Amino acid sequence: MIISQQKPFEEILEALGDQEKVYLVGCGECATMTESGGENEIVDMKTRLEAAGKTVLGNDVAHATCHELDMKRIFRQSKDAAKETDAFIVFSCGAGTQSVREATDKHVIPGTNTLFLGNVKRNLQYEEKCSLCGECVLDEYGSICPVTRCAKGILNGPCGGTNNGQCEVDPDKPCAWVLIHNQLKKEDRIEQFMKIQGPKRWNAVERPGRLDARDKDEEKGAA
Amino acid sequence: MGKYREAAESGKFVVSGEIGPPKGTQVDDMLHHIDLLKDMVDGLNVTDNQSAVLRLGSMAVSHHIVSVGGDAIFQMTTRDRNRLALQNDLMSAHFLGIRNVLCLTGDHVSVGDHKDAREVYDFESVQLIQAVKKMNEGSDWAGNELQGSTDFYIGAVVTPESNPIEPQKAKFEKKIEAGAQFFQTQAVYDMDNFQNFMEYARGVTEGKDVKIMAGLVVLTSVGMAKYMNKFVPGVFVPDNLLEEMASVPKEEATKKGMEICARHIKLLKEKNVCDGVHVMAIGKEEIVPEILQLADLI
């Protein structure tokens, strides 16, 4: 899921400036799980904004804020509030904020910082394991991604900063290369470690990415 | 061919020093160190934004060394440049007369002084080695023919005290396969451990023309030794050296460190443990001539 974290309240107020009437949008998917933009957080934010002298005209938690047609539908339903508000504050990922952008011409403010695509370790504990590179190489590395989990994205083995199995950059994180080495040994595929890997094709997906999965002609579908 | 390569390939016990360019344009000390060392050693490494801290450029200083009659080992990290910039700099370095390149991935920006910079790592060390080899053979990374190939002596690093060692050894072997012709190791202090590592390394390099130079960082205080043990991954100063450093008054610590360094050089040379040494005095290069004298190298 997409891991996001609420911005400090002062930053949100600063972004609003003199604008008084606000409309809050949360997300029923990832931001609910991460407690950065679910029902509870939106209600809490409404209270805090009102205490700061703002008027909250509307608050919605969309099923999935990244769904652009959904956002348009929600704003059609609460047409008056959406029309009257000075600004929308969105508590989802940056994709969700830009869905709101598509649905209104008003000032749209992100209420969160979008951090990474995360695995859930335990409730409210997340780790980044995939960086959406567009060309999955996991099988080369015992399904432990060095592009993401090695701080330098090295593809051919540990750097000199590996430190008793931990990463020099952040001693709380394991060295991905020690994990990969151990895993390939377990699989009896250590020879795989010796394969010289070329650099990534960083343009495997041309950014910004686009995919029309309805178009079954692959060439035309992904561009 | 530069004199560093000539010396290495002739079978001589090669000696290199290291120049860390300053942060800024005040180059007097650096020029003095280059003057002092250039004829005394076979080559001088020039660091590339060492520890991810912004410095005067490695290529410019390497060129200066070559232009005053020394030989430069141009250090190149993949942290700050993508593949276009790396290959561009390689051709430029070659144009400027630089003939040795040490291929490094480079310290992460988070340990340096521009922590918010975007690190590049389009290539890493193994791929940079491959790229230099390709350019030596006349083509760029993309397979396009070059109008004139480069002629670099390709260097790499290895950390003999890395923990765990197995993945490090595997990477060392990959660097050789990729085209590395010489290695300078991370600092080593435990000569027994290093001899064990070299026994393994000699096995790997048997039949191949690959030279291995021991990296020696001169100890200047017992505090420095303890600091490295605690904070520098892959560097291990054994207890007997800590005791030796602590056995002398503070003001004699550098001298003791020089003695230890010279003793290690002698041992490595006499026992034919490795093919040379890379002596790092980290900003105190004026002490290097005396170390080389103590080691009977000059």
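Start by selecting B:Leu86, B:Gln87 and B:Leu90 in helix 4 of chain B: they meet B:Leu128, B:Ala131, B:Val132 and B:Met135 in helix 5 of chain B. Contact here asks for C-beta atoms, placed from the backbone, within 7 Å.

A quick word on the model: it is predicted, so local features need pLDDT of at least 70 and side-chain atom pairs count only at pLDDT 80 or more, while totals for chains, interfaces and linings use all residues. Residues are numbered from 1 along each chain as its sequence is written, with chains lettered from A and ligands numbered from 1 in the order in which they are written.

Now show both helices as cartoons, residues 83-95 and 125-136 of chain B: they pack at about 50 degrees, with axes 11 Å apart. Helices (H or I, at least four residues) and strands (E, at least two) are DSSP runs, numbered from the N terminus. Axes are lines fitted to C-alpha atoms, for helices over the stretch in contact, and angles run from 0 to 180 degrees between N-to-C directions. That angle makes helix 4 of chain B oblique to helix 5 of chain B; oblique is what remains after under 35 degrees (roughly parallel), over 145 (roughly antiparallel) and 65 to 115 (roughly perpendicular).

Hop to chain A and pick out its open sheet: four strands in the order 3-2-4-5, with parallel pairing. Strands pair if DSSP finds at least two bridges between them. At the edges sit strand 3 (55-62) and strand 5 (107-110) of chain A, each pairing on one side only. On average, neighbouring strands of the sheet are turned by 20 degrees against each other, direction ignored.

Zoom in on strand 4 (residues 87-91) of chain A, which four bridges join to strand 5 of chain A. Click A:Ile89 and you'll find A:Ile109 as its bridge partner.

Last stop, the interface: 27 residues from chain B and 26 from chain A. On the chain B side, helix 6 of chain B gives the largest share, nine residues.

How values were computed
Contact = placed C-beta atoms within 7 Å.
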